[in-house]
Amino acid sequence: MRDDASVIDLVARVGDGDQDAWNELVERYSPLVWSICLRYRLDRDDIEDVRQSVWTLLLERVGTLREPAALPGWLATTTKNECLRVLRVSRRHDHGSLPPEDLMPPDPNAVQVDQDILVAERDDALRAAFDGLSQRCRQLLSMLVADPPVPYAEISAALDLAVGSVGPTRARCLNELRKSPHLAGVLDQ
């Protein structure tokens with residue numbers, strides 16, 4: 001796993017007791033945890049149990065993680081293990097016939113989990129790169145990707161920019177975004 005400075009920094013801040021960092025971490029990786037729970041077809045109550053367990057385990061172990069940049073993988077593995085634990089103890093299913101975990105067949109969703117981790121890392125890198133843009137570029141790009149799209153005339157008026165300059169300015173902003181060091185590892189893949 002590459003060294004992702006934003007994840008390493010976030011884990012370090014959480015380890016130091018930074019509540020804002022904890023909130024950011026939970027917000028960033030909750031979709032990953034949620035998507036894994038959904039693959040195991042857990043009901044809402046079981047998903048909440050798994051989520052609580054995963055975040056509690058992380059809180060207990062965040063200071064001892066050997067590879068902070070590997071946090072998404074740790075979360076994916078821990079969530080999978082917690083889902084299996086919930087399924088084993090659930091009264092809705094007969095789990096007496098389940099083999100021990102080490103004898104279970106390969107997880108057909110493992111590739112999807114890996115894909116989810118890559119998507120989460122890409123999205124985090126893109127957010128960090130976007131945050132590094134100038135205010136004007138952030139406003140322009142946000143208006144251009146709005147749904148429904150904002151007409152160039154409105155963008156021109158809002159940003160005090162000639163209508164004919166919207167396209168070239170957009171190109172410069174996107175070029176600046178592509179050059180962000182946050183996207184270096186993501187764009188190479």
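Author: Happy to; we will go through the cysteines and their pairing. This is a predicted model, where local features need pLDDT of at least 70, side-chain atom pairs count only at pLDDT 80 or more, and totals for chains, interfaces and linings use all residues. Residues are numbered from 1 along each chain as its sequence is written, and side-chain values use heavy atoms, with hydrogens and water left out.

Reader: How many disulfides does the structure hold?

Author: A disulfide is a pair of cysteine sulfur atoms within 2.5 Å. The structure holds 1 disulfide. Cys137 and Cys173 form it, with their sulfur atoms 2.1 Å apart. The link is left-handed, with -75 degrees about the S-S bond.

Reader: Which parts of the chain does the pair link?

Author: Helices (H or I, at least four residues) are DSSP runs, numbered from the N terminus. Here the pair joins distant parts of the chain: Cys137 lies in helix H6 (residues 135–144) and Cys173 in helix H8 (residues 166–178), 36 residues apart.

Reader: Are Cys137 and Cys173 buried or exposed?

Author: Buried means under 20% relative accessible area, exposed over 50%, and partly exposed in between (1.4 Å probe, protein chains only). Cys137 counts as buried at 8% relative accessibility, and Cys173 is buried at 1%.

Conventions: Helix = DSSP H or I, 4+ residues; strand = E, 2+ residues; numbered from the N terminus.
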